[in-house]
Amino acid sequence: YEFTRRVSHTRGLRVLRARADLLSAGSPFLLARQLLRRAIGCRDGDAIAVQLDALRAHAVELHIADATILEFLGELIGLRKHVDPSPELRAARNDPQIMNLRLRRAFSAWLAALSAAGPLLLVLEDSHWGDAITLSYLADALRELAGCPVLLLALARPDATVVLPELLRLPARQHIELGGLTPRASAALARELHGLELSASVPASIVERAHASPTWALE
């Protein structure tokens, strides 16, 4: 939050966020759908017609003229057109490998169009619960967009390296592991979150059990 707030004043910067969660951990395209819906200004529960119109307007804004890309982006976020699908989409629906290839290409083309329009910041919260497909698509796209104004900020717990192998193999990546909270900071966090009426011994107990982790201090 602090980082995105600081860079939000960058001229022309587009910030797209997605958040994974425990209940839907690993669901295919979980993060990709959030990013795309955030870009077109829609939510999961919006009517299909509304999402289709927003997606078309977004494609016009980014000068995406290839109707196939638009069609597969719609497929990516779970939209079904009210007309018969194109031969390409029909073939992909009958072959998972073709579908994966087409979706991957459409996603990369979309990110390329976004980066061509201006600097782009992608923020993934709780990536340790993210889906492998989206992370793989992002890794492929970032390789193709080397040198373009795109930054992916993937936030995760320290043990998430086992679920982020594609991102950790990117040549331009930076792996930053944050240190733990000091006892004083942990106590201040405990008092603020749980109320000023807590006795001095309660925050001390929380600090001891949290082992300098803000996550455990919160819980």
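I take a salt bridge to be a side-chain nitrogen of Lys or Arg within 4 Å of a carboxyl oxygen of Asp or Glu. The model I am reading is predicted.

Entry 1, E166 and R143. I looked up this pair and found a salt bridge, with the closest N and O atoms 3.5 Å apart. E166 sits in helix α8 (residues 165-168) and R143 in helix α7 (residues 132-144), so I note a link between distant parts of the chain, 23 residues apart. I list E166 as partly exposed because its relative accessibility is 25%.

My search of the whole structure returned 11 salt bridges. One I checked joins the side chains of E125 and R19, 4.0 Å from N to O. E125 belongs to strand β2 (residues 120-125) and R19 to strand β1 (residues 14-19), 106 residues apart. I record E125 as partly exposed at 21% relative accessibility, and R19 as partly exposed at 46%.

I compared the axes of helix α2 (residues 30-40) and helix α3 (residues 48-61), which come within 9 Å and cross at roughly 75°. I therefore call α2 roughly perpendicular to α3. On the α2 side I list L36, R37, A39 and I40, and on the α3 side Q51, A54, L55 and H58. By type, I sort the contact residues into 5 nonpolar, 2 polar and 1 charged.

Key:
Residues are numbered from 1 along each chain as its sequence is written. This is a predicted model: local features need pLDDT of at least 70, side-chain atom pairs count only at pLDDT 80 or more; totals for chains, interfaces and linings use all residues. Side-chain values use heavy atoms; hydrogens and water are left out. Axes are lines fitted to C-alpha atoms, for helices over the stretch in contact, and angles run from 0 to 180 degrees between N-to-C directions. Helices (H or I, at least four residues) and strands (E, at least two) are DSSP runs, numbered from the N terminus. Angles under 35 degrees count as roughly parallel, over 145 as roughly antiparallel, 65 to 115 as roughly perpendicular and the rest as oblique. Contact means heavy atoms within 4.5 Å. Ala, Val, Leu, Ile, Met, Phe, Trp, Tyr, Cys and Pro count as nonpolar, Asp, Glu, Lys and Arg as charged, and the others, Gly among them, as polar. Buried means under 20% relative accessible area, exposed over 50%, partly exposed in between (1.4 Å probe, protein chains only).
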